[in-house]
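This report describes strand pairing and nonpolar packing in one protein model. Please read it beside the sequence and the structure.

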Amino acid sequence: MTESFDVVVIGSGPAGYVCAIRASQLGLKTAIVEREKLGGICLNWGCIPTKALLRSSEIWHLMHRLNEFGFSADNFKFDLPKIVDRSRKVAAQLSNGVAFLMKKHKIQVINGEAKLAGQGKIAVTKDGNTQEVSARNIVLATGARARALPGLEPDGKLIWTYREAMVPDAFPKSLLVVGSGAIGIEFASFYRTLGSDVTVVEVLDRVLPVEDEEISQLANKAFLKQGMKIKTATTVEKLEKGANNVTATLKAKDGKTETLTVDRAILAVGIVGNVENIGLEQAGVKVEKNHVVIDEWGATGVPGIWAIGDLVGAPWLAHKGMHEGVIVAERIAGVKGTHPLDISKVPGCTYCYPQVASVGLTEAKAKATGRRIKVGRFPFIGNGKAIALGEPEGLVKTVFDAETGELLGAHMIGAEVTELIHGYTVARTLESTEAELAATIFPHPTLSEMLHEAVLAADGRALHI
């Protein structure tokens, strides 16, 4: 007998499991299908375990500054297998946490590989056995995977994707990172901090190219100071595998080529949606550029089929997918007052050293709208808490509409900025004006005071510079 549900979510990453939880909270009989581990890529091979790795590298960095803080130690060293093991245990703990949440919310977990099998029908296959599940609403949340380019295919041994980079069997003394977006720079930062000779190659003319140009320049300066080698406006023509190394042919914008031999290479050139083998074509679900096409509510255009998360495209961020999951669940349940996703209010965070975070329009994009803008800047060196922490390098930047006081964008680089950006995200959600933010009291001494100062600075009113 076919089991029937109000909602079946395919994929249990952040978008999928949050959608399932919200649907269950709203009284809908809900199931979730997962072919691997609960939590998807983010919890098992992405957001969470990479932060555990970066925490280890952060500690290693601080250990080399012990004298600065009044400590001394000799012959300290890191143990790579233990670092990796801790990361994997953190991932396992979070995956088990999702299993607990599914049980708590009475969401049925169906293990196997799902495929659309007709209107309101899903075929789930595991170990050669197939069961049919029916649902009034099917939510596709199958996520995405690393993009591979011709001639730059990963092999899992010498040429890595993020998966292999998280569980190295040996520490690479030299490393090539192809791509300087968040994923590439985070791995470059981790391995460089632990002592690897890291070269980052970016096809565009600056690192972290989606960020505000001023922030990108400050990041580039910091990375070079750490000893990273940065090659922008450069393409990797090919990767040739040796016995235990990789030789890359690099081509600069001016046409000059060079070769570089490294122990390992990491590919971080974007991601593509997992759109294959789930029956999209037969169901009539539209796919463009390896991502499912949806409307502002997550609807695919095929009645009863929705899509969320990395599967539907940029920005490829867990918190964006979670928000989409809530929107779809509430849309299905008919909740009044639900708003469609506003991508301009989705913050971006990169957990390299120094951290980078942003929300809204860059200065250049704000100018391109034709509006008259005001820009505020406040450096970390002007903040007492940053100096006390030994983290005086960084910048908080705000972009306002000069006429209305609307906060158009905010951009920052420095210690713990990924924990600060939410202040401006809340402000944008509440449509707070420059005047309202300026009138807000921030606690002292905290890093968050810089959010206030960067607002004041837009009007030449900063108090501590």
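Strand 21 (residues 355–360) and strand 24 are antiparallel partners joined by 6 bridges. The model is predicted: local features need pLDDT of at least 70 and side-chain atom pairs count only at pLDDT 80 or more, whereas totals for chains, interfaces and linings use all residues. Residues are numbered from 1 along each chain as its sequence is written, and side-chain values use heavy atoms, with hydrogens and water left out.

Strands (E, at least two residues) and helices (H or I, at least four) are DSSP runs numbered from the N terminus. Two strands pair if DSSP finds at least two bridges between them. Strand 23 (residues 395–401) also runs antiparallel to strand 24, again with 6 bridges. One residue pair from each pairing is listed below.

| Residue | Partner in strand 24 |
|---|---|
| Ala-357 | Met-412 |

Strands 23 and 24 form a hairpin with 5 residues between them, and Gly-405 in the turn has a positive phi of about 80°. In strand 24 (residues 407–414), 8 of 8 residues are buried (under 20% relative accessible area, 1.4 Å probe, protein chains only).

A nonpolar core is a set of buried Ala, Val, Leu, Ile, Met, Phe, Trp, Tyr and Cys residues joined through side-chain atoms within 4.5 Å. The largest has 31 residues, of which Tyr-191, Val-198, Val-200 and Phe-223 touch the most other members. Helix 6 gives the largest share of this core, 5 residues. A second, separate core of 28 residues includes Val-359, Leu-407, Leu-451 and Leu-456.

Terms used:
Buried < 20%, exposed > 50% of the residue type's maximum accessible area, 1.4 Å probe, protein only.
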